[in-house]
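Me: Hi! Could you walk me through this one? I'm new to it.
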Amino acid sequence: MPVLNRRSAMFCAPALFGATLLAPGLSRQGWAAKGLEKLREVASPAPSPAITFTDADGKETTLANFAGQGLVINLWATWCPPCVAEMPALDRLQAMLRAERIAVLALSSDRGGRAQVEPFYQRLGLKELAIWLDPRGAAARALGARGLPTTVLIDRAGRDVARLEGEAAWDAPELVAAVRRLVGAP
């Protein structure tokens, strides 16, 4: 794992401190409860559908490409320990919700792009999440992220309805139910 530089340490710091509260000795149920406690519903305008990021092949895409779907946008990086911890749960969440037209978009801020993210996905056995890249952090800035990981829930009408800063057990029944409720029925 690369050493955190000053910029990356500052960006990941809010999540790292939050993760410390969830660390050793906390049961899976406790971890899930902490995640649910951190989920903050918001009433904010829709993020710009022009927010851009790329797929694994470098093809640019926008939120507009996901119109009508519920979105769980997770901003993360391979060098961020709490981000790494929650990736398997996000992968399982995508498997649970795909048929309901809810997409989990894990946007990596790794500057190494696909060359860095693809082997990471393989090592962790992530099969359900597509590789999405935001190496310059443009989407993270546009979504107002204060640190990594940050997860933004977007309902089917394109509104930003909830946020969670820090890691969470995204596949825990309580959080899955909250995602379904917040993004709306298909």
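Reply: Happy to! Let's start inside the sheet: isoleucine 73 has leucine 105 in β5 as its bridge partner. Helices (H or I, at least four residues) and strands (E, at least two) are DSSP runs, numbered from the N terminus.

Me: Is this an experimental or a predicted model, and how are residues numbered?
Reply: This is a predicted model, where local features need pLDDT of at least 70, side-chain atom pairs count only at pLDDT 80 or more, and totals for chains, interfaces and linings use all residues. Residues are numbered from 1 along each chain as its sequence is written, and side-chain values use heavy atoms, with hydrogens and water left out.

Me: Thanks. How many bridges join β4 to β5?
Reply: There are 7 bridges between strand β4 (residues 70-76) and β5, and the two run parallel. Two strands pair if DSSP finds at least two bridges between them.

Me: And what about β5 and β6?
Reply: Those two are also parallel, joined by 2 bridges, with β6 covering residues 132-133. Leucine 107 has tryptophan 132 in β6 as its bridge partner.

Me: Is β5 mostly covered or open?
Reply: Mostly covered: 7 of the 7 residues in β5 (102-108) are buried, meaning under 20% relative accessible area, with exposed over 50% and partly exposed in between (1.4 Å probe, protein chains only). One side has Ile102, Val104, Ala106 and Ser108, and the other has Ala103, Leu105 and Leu107.

Me: Why do they alternate like that?
Reply: Because side chains in a regular strand alternate between the two faces of the sheet.

Me: Zooming out, what's the strand order?
Reply: The open sheet has 8 strands in the order β1-β8-β7-β4-β5-β6-β2-β3, with mixed pairing. At the edges are β1 (40-41) and β3 (60-62), each pairing on one side only.

Me: Where's an antiparallel pair?
Reply: Look at β2 (residues 52-55) and β3, which run antiparallel with 3 bridges. There, threonine 54 stands opposite glutamate 60 in β3.

Me: New topic: which residues of α3 and α4 meet?
Reply: Val84, Met87 and Pro88 in α3 meet Phe120, Tyr121 and Leu124 in α4, contact being heavy atoms within 4.5 Å. The contact's residues divide into 6 nonpolar, no polar and no charged. Here Ala, Val, Leu, Ile, Met, Phe, Trp, Tyr, Cys and Pro count as nonpolar, Asp, Glu, Lys and Arg as charged, and the others, Gly among them, as polar.
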